[in-house]
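Please read it with the sequence and the three-dimensional view at hand.

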Amino acid sequence: MKYIFPFILLICFIGPIHSQEGNWCGFDPILEEEMQSNPHFLEEIAHKIEQIRLQAAQNPSSKSAIYTIPVVFHIIHDGGAGNISMEQIQSGLDVMNEDFAALNLDAGQIRNTSDAPFAPIHADVQVEFKLAKIDPDGNCTNGVQRKFAPQLTNNAGEDCKYSANGGLDAWPNDSYLNIWVVNSIGGSGTGTTLGYAYLPYNNWGPGHGILNRHDRIGRIGTAANNGGRTLTHEMGHICGLFHTFQDGCHSSDCNFSGDYICDTPPVAEAIWGCLPSNNSCNDVPVNDFYGLDALDMNENHMSYNSCRLMFSEGQKALMQNNFETISNFVSLTSSANLIATGVNAPEVLCKADFDANKTVICLGETVDFSDLSYHGITSRSWTFQGGTPATSNLQNPSVIYNTPGVFEVSLTVSDGNNSATETKSFFIHVLGNSVPLPFYESFESVTSLPDLFWVTNNFGSDNAFEIGNVGLSGSKSAALMNFDQPIGGMDEIISSPIDLSGVSGQMTLSFRYAYRKRQAANEEWLRVFISNNCGENWAQRKTLKGDLLGEIIATDPWFPGNDNEWVTVHMTNVTSAYWVNDFRVKFQFENDGGNNFFLDNINIYEGAPSNDIVLSAGELNPLEQLSIYPNPADQTIHVSFSASEQKEVIVSIFSADGREVLAQKVLAQSGKNLVLLDVSALSEGVYVINMQGGKGSQTIRKIVIH
């Protein structure tokens with residue numbers, strides 16, 4: 001899905017520290033696109049800035065003592081480190097507030113020499129950023145939203161800003177400044193994208209705000225030792241500042257060219273180093289603040305230098321002018337909005353809330369809980385059903401779960417005067433003991449998804465995996481009703497642990513699926529992942545996309561009607577590194593507007609691939625040339641097979657719900673054998689014939705009785 005925005009996007013990259021090549025910022029190509037569609041684009045921006053300055057000059061006494069801007073953080077995460085703590089979020093605000101107020105402790109490093117007289121113009125911008133305490137619906141908030149969306153947090157872009165894609169919508173941008181936090185950001189330039197933001201001079205669209213990597217928020221947690229100033233830089237763009245190296249060297253009027261600031265000397269290009277002798281431009285612009293060839297301002301927050309320390313007085317003046325004249329800023333900083341968003345309200349308890357670092361675990365694993373309650377919490381009382389300890393009064397306790405099941409967690413908090421309780425039922429899913437090989441799942445005994453064995457995830461606003469009323473070897477399967485669902489959704493079905501620790505030879509993972517496209521252009525994905533540590537990490541082992549997944553088109557909602565419409569997949573790349581006792585498998589489907597998808601007969605076993613279901617260890621094909629006829633049948637079923645030697649064979653018939661309804665033992669002879677089964681007493685329906693013989697091995701076939 002593409003989004004077109006009529007405002008300027010600035011994307012900031014970091015790359016090799018000494019390299020002078022490559023687009024470290026995506027602003028230049030975006031600006032070029034804007035100029036191709038509108039050759040007068042920069043002139044119009046310069047005119048807008050001029051008008052803002054003139055308007056501000058007409059009201060020189062109207063500036064606030066402090067401009068307060070309400071902020072909301074939207075955390076888009078995958079359950080890992082990117083789901084940063086409230087402490088790290090607050091650290092991000094603290095760093096940004098220190099920088100904008102010129103209170104940063106390293107300000108003493110700003111130069112004050114004849115050719116770099118920068119310390120005297122280190123500016124207090126007189127702006128502060130505060131987390132919102134009231135949301136757009138009038139409910140209390142801590143100014144942070146969190147969304148588990150693994151499909152959106154890596155190589156993120158505009159999609160994560162919209163709930164229709166499974167992300168988080170912006171709060172009204174005339175009342176809140178929106179910051180989205182993700183694992184990583186996609187970019188077309190060289191280097192790693194750290195964040196991007198929009199300038200305020202054009203329309204503030206629904207995605208207006210900052211997109212930032214989690215490891216560049218603040219100075220603690222995942223951002224420890226990363227400087228913490230990416231957010232300061234991006235907020236500079238939001239407040240109206242260009243890079244100091246905008247347009248490179250020039251001698252034209254600094255009010256209408258370059259970065260439109262006269263006390264930030266022109267810089268030729270993005271420079272990473274902080275050499276005090278850096279002087280990439282010898283030109284002195286008209287109306288230049290210094291009137292001499294000043295050195296590069298390495299210290300400026302809007303440079304790419306690693307020693308960013310300051311905003312200048314000229315940058316402060318432009319930002320304050322913007323706060324006074326641009327309508328969204330006027331609304332954001334108004335007294336009425338500060339009341340509506342509650343940023344200055346006292347720290348009074350209004351909600352109990354909590355989260356955990358993981359909610360699906362194996363037996364014996366530890367879960368780390370975080371108290372996310374707000375505000376002014378002085379005490380807390382936790383209750384952990386099925387956990388050890390069963391209770392706690394710690395802020396962020398760790399709990400071990402040694403019993404399989406799905407358990408409730410409850411938290412009661414107090415601020416000394418008031419209390420609140422949050423209870424989350426079915427919150428912690430502890431998977432059961434590993435099941436042995438061979439593993440077979442036909443979903444006939446599964447009543448609904450998810451259940452105690454199968455975990456499901458739904459990323460987006462589309463349907464999730466459910467039990468469908470059609471199957472290959474019975475009447476059920478794991479079905480994804482994908483027809484007419486929003487594009488971009490992603491769904492997963494994940495097994496509990498399976499014990500592969502006794503494997504000594506070849507491993508096979510087989511499954512069957514049925515699928516149709518809706519249109520020829522549908523590019524949908526089926527991915528298979530495996531894990532050797534109970535789902536802590538996953539490795540992709542199979543990918544079927546587009547025509548490889550299926551070429552046939554069905555324009556109406558589709559369901560498989562016969563066995564020929566199912567595809568069998570054998571995977572032999574479950575390598576020895578995965579022969580562990582907590583092996584898990586995950587099937588992931590990504591939607592592109594196609595038709596329904598069905599998954600059945602998942603079979604994991606030791607040995608070479610078999611087109612028959614393998615239900616016991618041993619040789620895979622003890623019975624050869626197997627034929628069952630007629631099928632469908634009504635009175636008698638003929639089972640014909642060949643045996644390599646004399647052996648005892650048990651032929652059984654099971655109903656779709658797994659009940660054995662008929663069994664016959666025969667002594668098979670070497671060569672061809674025929675067994676007749678009287679099925680006249682059986683009701684109409686789908687049944688399974690199971691044949692066991694020779695070293696305990698089995699084969700299975702589906703039959704229909706009418």
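Two residues are said to be in contact when they have heavy atoms within 4.5 Å. The structure is a predicted model, in which local features need pLDDT of at least 70 and side-chain atom pairs count only at pLDDT 80 or more, while totals for chains, interfaces and linings use all residues. Residues are numbered from 1 along each chain as its sequence is written, and side-chain values use heavy atoms, with hydrogens and water left out.

**Confidence**

**The chain as a whole**

- The secondary structure comprises 8 helices and 36 strands; helices (H or I, at least four residues) and strands (E, at least two) are DSSP runs, numbered from the N terminus.
- A box of roughly 105 × 60 × 45 Å, taken along the principal axes, is filled by the C-alpha atoms.
- Of the 706 residues in the chain, 54% are buried; buried means under 20% relative accessible area, exposed means over 50%, and partly exposed lies in between, with a 1.4 Å probe and protein chains only.
- Among contacts with a separation of 6 or more, 71% are accounted for by residues 24 or more positions apart.
- The chain exposes about 28800 Å², of which carbon and sulfur atoms supply 48%; such areas come from the Shrake-Rupley method with a 1.4 Å probe, and for residues only the protein chains shown count as cover.

**Helix packing**

- Two packed helices are described by the angle between their axes and the distance between the axes.
- Helix H2 (residues 41–57) packs against helix H6 (residues 313–325) at an angle of about 80°, and their axes are 9 Å apart; axes are lines fitted to C-alpha atoms, for helices over the stretch in contact, and angles run from 0 to 180 degrees between N-to-C directions.
- H2 and H6 are therefore roughly perpendicular to each other; angles under 35 degrees count as roughly parallel, over 145 as roughly antiparallel, 65 to 115 as roughly perpendicular, and the rest as oblique.
- H2 contributes Ile 49, Ile 52, Arg 53, Gln 55 and Ala 56 to the contact, and H6 contributes Leu 318, Asn 321, Asn 322 and Thr 325.
- By class, the contact of H2 with H6 has 4 nonpolar, 4 polar and 1 charged residues; Ala, Val, Leu, Ile, Met, Phe, Trp, Tyr, Cys and Pro count as nonpolar, Asp, Glu, Lys and Arg as charged, and the others, Gly among them, as polar.

- In helix H5 (residues 230–238), 9 of the 9 residues are buried, so the helix is largely enclosed by the rest of the structure.
- The buried residues of H5 include His 233, Glu 234 and His 237.
- Gly 240, which follows H5, has a positive phi near 115°.
- Thr 244 is placed in the loop between H5 and H6, and it counts as buried because its relative accessibility is 4%.
- Beyond its neighbours within four places in sequence, Thr 244 is in contact with several residues, among them Asp 259, Asn 300 and Gln 315.

**Two further sites**

- His 122 lies in the loop between strand S4 (116–117) and strand S5 (127–131), and its relative accessible area of 17% makes it buried.
- Lys 542 belongs to strand S26 (residues 539–545), and it is partly exposed, with a relative accessible area of 29%.
- Apart from neighbours within four places in sequence, Lys 542 is in contact with Leu 526, Arg 527, Val 528, Val 569 and Met 571.
- Lys 542 and Ile 530 are 12 residues apart along the chain, and their C-alpha atoms are separated by 9.5 Å.

**Backbone details**

- The peptide bond from Thr 388 to Pro 389 is cis, with omega near 5°.
- A cis peptide bond also joins Asn 631 and Pro 632, with omega about 15°.
- Asn 155 has a positive phi near 50° although it is not glycine, and it is exposed at 61% relative accessibility.
- Cys 534, also a residue other than glycine, has a positive phi near 60°, and it is buried, with a relative accessible area of 4%.
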